[in-house]
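Morning, everyone. I have one structure to go through today, so let me put it up.

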Amino acid sequence: MAGSYPEGAPAVLADKRQQFGRRFLSDPARVFHHNAWDNVEWSEEQAAAAERKVQENSIQRVCQEKQVDYEINAHKYWNDFYKIHENGFFKDRHWLFTEFPELAPSQNQNHLKDWFLENKSEVCECRNNEDGPGLIMEEQHKCSLKSLEHKTQTPPVEENVTQKISDLEICADEFPGSSATYRILEVGCGVGNTVFPILQTNNDPGLFVYCCDFSSTAIELVQTNSEYDPSRCFAFVHDLCDEEKSYPVPKGSLDIIILIFVLSAIVPDKMQEAINRLSRLLKPGGMMLLRDYGRYDMAQLRFKKGQCLSGNFYVRGDGTRVYFFTQEELDTLFTTAGLEKVQNLVDRRLQVNRGKQLTMYRVWIQCKYCKPLLSSTS
């Protein structure tokens, strides 16, 4: 979801070329030798110029009447987006397993390697409307590894599960995926560019994946995809900001919650409550994973006057909206919801259009926050 919309370009495994996340520009004269460079440092002049650009494009705000329309009809604008692009706009986020190894349990690492090798012919350079990962790192998780372990069981089979769950009382032992031992929820799943790579890569029979999106059109595209398997996945329409609607799982039942370029699409004033509600769904030791737009990303600098809704919050030409975060803002959102920081990093990437001799500076933030094993009250 972005001014230039985000998606991931997978890490390349070819021997003749460096993997994404490990390509550093030491000689500016070589900038057009590759399509992307990682961990690019900004000069003081560049940072000051970006700040001036944001100040300029924020002077003229969208009128209140229009702002109300963008909020009330947000679902319409996203439905229109997916009706136009269907499942051909974004590429599958195969880079997920590099950035978020929590999505691929350890017993499946050999399967993961084989899968990458089988699919490396599909790997290509980032297109201009796509965002790729830039972080490859080793870290020591603060959360207990026990929270990420799960036993092998027979795959759960869910039959005749209604998609109308807004008024459903979720019972602890009767919900989609109730027999699973490892549960993942993706919020803002779009057409499945995260969900399907997870299902294809993670063959653990105890895995169950939930995915929801604001757009009914997007969910219909997920459910009609040939890879959609109701015995392993449950897709449903859900408004992240609607406090009256429940999720189809009980509190404390999820191991992982994924938020990839979705939190930025909602009104800033509603972000905290949305994260609070999601936090309550995590098991103790469960993890929330986020990747989203950072302050002064190229997409923010490209907005024209009259597209700013409020500070660092904009509307695109198609009516969809986007916010650009700082690390501190995201840390406040997660810690206020009772989560502990595992990772909160800025990914500054330089993408290059070698044909047009253009450079594009991208800024993303990647976070991992864990639910404490013991609550502060116990």
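How much accessible surface does the chain have, and what share of it belongs to carbon and sulfur atoms? The accessible surface is about 17,400 Å², and 48% of that belongs to carbon and sulfur atoms; areas come from the Shrake-Rupley method with a 1.4 Å probe, and for residues only the protein chains shown count as cover.

This is a predicted model, in which local features need pLDDT of at least 70 and side-chain atom pairs count only at pLDDT 80 or more, while totals for chains, interfaces and linings use all residues. Residues are numbered from 1 along each chain as its sequence is written, and side-chain values use heavy atoms, with hydrogens and water left out.

The chain has 10 helices and 11 strands, that is, DSSP runs numbered from the N terminus: helices are H or I with at least four residues, strands E with at least two. Of its 378 residues, 52% are buried, meaning under 20% relative accessible area with a 1.4 Å probe, protein chains only.

Eight of the 11 residues of α8 are buried, so the helix is largely enclosed by the rest of the structure. Among the buried ones are M271, I275 and L278. They pack against elements including β2 (182-187), β5 (254-260) and α10 (327-336).

Definitions and conventions:
Buried < 20%, exposed > 50% of the residue type's maximum accessible area, 1.4 Å probe, protein only. Contact = heavy atoms within 4.5 Å.
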